[in-house]
Amino acid sequence: CLFEVKLHMARILVIEDDSTHRRIIREILNAYSHDVTDAEDGDMGIRLQQDHGFDLIVTDILMPGKEGIETVRELVRLYPDVRILAISAYKEGYLEAARKFGAMETLAKPFEPEELAGCVDDCLQRKPGSA
């Protein structure tokens, strides 16, 4: 990810099971003028994408219920032009798998606010559907 951030508002969905991480990600993205909606699991995230069609989806990988890889695969199947940024604290293969199944970018936790903003900006500048 590039760490140069350009301000432009996007509608972003954050799928994260941990409420503290969800709040932190929302606050970071709000600080960069993005409009953020969040979901606590993959099923809720997919329903929200169906109802609202976000510019970008930021999803955690390891979650109870519908976990992140499964969520990425389903989102890409249903919405081939979706932009997805996958995040995870577990680096062993999870982020590579997310990219393989359609995530545009990946970011390892923990990350700095500027890193998240840079990855989001990078995804938003790219053509949808270009993993």
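The model is predicted.

Start with helix 2, which spans residues 42-52. Which of its residues are buried? They are Gly-42, Gly-45, Ile-46, Leu-48 and Gln-49. These residues cover an arc of only 165° around the axis, so they sit on the same side of helix 2. Now look at the face turned away from that buried side. There, helix 2 carries the exposed residues Gln-50 and Asp-51.

Next, turn to the ends. Asp-41 caps the N-terminal end of helix 2. One of its side-chain oxygens lies 3.2 Å from the backbone nitrogen of Asp-43. Just after helix 2 comes Gly-53, with a positive phi of about 55°.

Now find Phe-54. Arg-11 lies over the face of this ring, at 5.4 Å from the ring centre. As for pairs of aromatic rings, the structure holds 0.

Finally, move to strand 5, residues 105-108. Glu-105 is found here. Is Glu-105 buried or exposed? Its relative accessibility is 8%, and buried means under 20%. Glu-105 therefore counts as buried. What does its side chain contact? The side chain of Glu-105 makes a polar contact with the side chain of Arg-99, at 3.4 Å.

Notes:
Residues numbered from 1 in each chain as written. Predicted model: local features only at pLDDT ≥ 70, side-chain atom pairs only at ≥ 80, totals over all residues. Heavy atoms only, no water. Phe/Tyr/Trp six-rings, centres within 6.5 Å; stacked < 30°, edge-to-face > 60°. Lys NZ or Arg CZ within 6 Å of the ring centre and 35° of its normal. Helix = DSSP H or I, 4+ residues; strand = E, 2+ residues; numbered from the N terminus. Buried < 20%, exposed > 50% of the residue type's maximum accessible area, 1.4 Å probe, protein only. Polar contact = N/O pair within 3.5 Å; in protein donor to acceptor, adjacent residues only side chain to side chain. Arc of directions from axis to C-beta.
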